[in-house]
Amino acid sequence: MFRNKEIPVYLFTGLLESGKSTCIQEVIEEGNFSDGAKTLMILCEEGEHEIDEQLLMSNRISCVSLEDEDDFTEEACMGFQEKYKPDRVVIEYNGMWDMEELYKVVLPEHWIVVQTFATVNALTYQVYSSNMKPLLMAHFQMADLVIFNRCTEAFDKPAARRSVKAINRRAQVLFEAEDGSVETNVDEELPYDVNAPSITLEDDDFGLWYLDISEHPEKYAGKTVTFKGQVYRNLTFPKDVFVPSRAAMTCCEDDIAKIGFMCHHEGASKLKIDSWVTVTVTVRVQKSRKHEGNFPVLYAECVEPAEPPEEEVVYFG
């Protein structure tokens, strides 16, 4: 049996009035779909902005609309493919619909999501984050690029960026001001001197350090770092490896998980699981296929028993 040819899918997601339609129009206007190939656009909600029809026609883009989540099925996708014969598909996805269902059930196997954009209205971000955080985090988790638009000077960009990076370290994050200017490099003010050869983390500093070293491991190469963590090991670990970890909440209480980095230590197998320790480690940077680049690995100089921190759970928001 002949296989269906692979069809690239560009997914735009975000909650209502987050700027998905505007983002799609900007992508089209920049010439990304002007190669003469046929594009099918699937619209799953009626937004505040309608994409210019002449722009769609001149770029050979056909549109279909779906109002009910139950109508968005694999069978429907195959029907659209048969009718429109697209070379690629653009989906403006309803922010209230199930993201996991879309990836695992709805899209045909040969429809390959090649890029996912998540748009966020900075003016309503705090409201959604406080009341619908699991839904918002689901969009971040799947995204290649997260765009916070309508940002004011008062908007806390570093905190917003942390929220994204805590759940999806590979995502790019950019901030678009109300005047249309774009900022990608948002400096995080760290509570310790990253340029010092030796760094001691306060208990509340672990989350910021974890995100920063994950994204920029080379900044910490060769440095010694002292911090408090909980011993984690499993049966797959070599006998001289453990993780001085912390429990982190990226979304809600059901989402609490251990975070940390592999640490080499001769006495690792003798450490009591879940006991608290203060470690002083040297950071080395190694290539990692799993993490698609450089990744920090720790080498213990000292491991001592410790009391639990006053707040055991790490928060990123």
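Predicted model: local features only at pLDDT ≥ 70, side-chain atom pairs only at ≥ 80, totals over all residues.
**Helices that touch**

| Helix pair | Crossing angle | Axis distance |
|---|---|---|
| H7 (residues 157-167) and H8 (residues 206-215) | about 70 degrees | 11 Å apart |
| H6 (residues 133-142) and H7 | roughly 65 degrees | within 8 Å |
| H4 (residues 99-106) and H6 | roughly 50 degrees | within 9 Å |

Take H7 and H8, which pack at an angle of about 70 degrees. Angles of 65 to 115 degrees count as roughly perpendicular, so H7 is roughly perpendicular to H8. The crossing of H7 past H8 is left-handed. Which residues actually meet in H7 and H8? On the H7 side they are Arg161, Arg162, Lys165 and Ala166, and on the H8 side they are Leu208, Leu211 and Glu215. Sort the residues of this H7 and H8 contact by type and you get 4 charged, 3 nonpolar and no polar.

Now stay with H7 but turn to its other partner here, H6. The axes of H6 and H7 cross at roughly 65 degrees, and H6 and H7 are therefore roughly perpendicular to each other. Is the crossing of H6 and H7 left-handed or right-handed? It's right-handed. H6 brings Met137, Phe140 and Gln141 to the contact, while H7 brings Ser163, Val164 and Ile167. The residues of the contact of H6 with H7 split into 4 nonpolar and 2 polar, with no charged ones.

H6 also meets H4, with the two axes crossing at roughly 50 degrees. That angle makes H4 oblique to H6. From H4, the contact uses Met99, Glu100 and Tyr103, and from H6 it uses Ala138, His139 and Met142. By type, the residues of the contact of H4 with H6 come out as 4 nonpolar, 1 polar and 1 charged.

How much space lies in the second largest pocket? About 470 Å³. It's lined by 18 residues, and the closest to the pocket's centre are Leu43, Glu50, Ile51, Cys63 and Ser65. Two elements give two or more residues to this lining: helix H2 (53-58) and strand E3 (61-65).

**A cavity**

Which residues line the second largest cavity? Gly14, Leu15, Leu16 and Ser18 are among them, and so are Thr119, Val120, Asn121 and Thr124. Tyr125, Tyr128 and Leu136 also line this cavity. Strand E5 (111-121) and helix H5 (125-131) are the elements that give two or more residues to the lining of the second largest cavity. E5 gives the most, with 3 residues. Sorted by type, the lining of the second largest cavity has 6 nonpolar residues, 5 polar and no charged.

Definitions and conventions:
Residues numbered from 1 in each chain as written. Heavy atoms only, no water. Axes fitted to C-alpha atoms, helices over the stretch in contact; angles between N-to-C directions. Helix = DSSP H or I, 4+ residues; strand = E, 2+ residues; numbered from the N terminus. Parallel < 35°, antiparallel > 145°, perpendicular 65-115°, else oblique. Left-handed = near helix turned anticlockwise from the far one by under 90°. Contact = heavy atoms within 4.5 Å. Nonpolar A, V, L, I, M, F, W, Y, C, P; charged D, E, K, R; others polar. 1 Å grid on protein atoms, 1.4 Å probe; cavity = no way out; pocket = protein on both sides within 12 Å on 5 of 7 lines; lining within 4 Å. Points joined across faces, edges and corners; volume = space filled by probe spheres on them.
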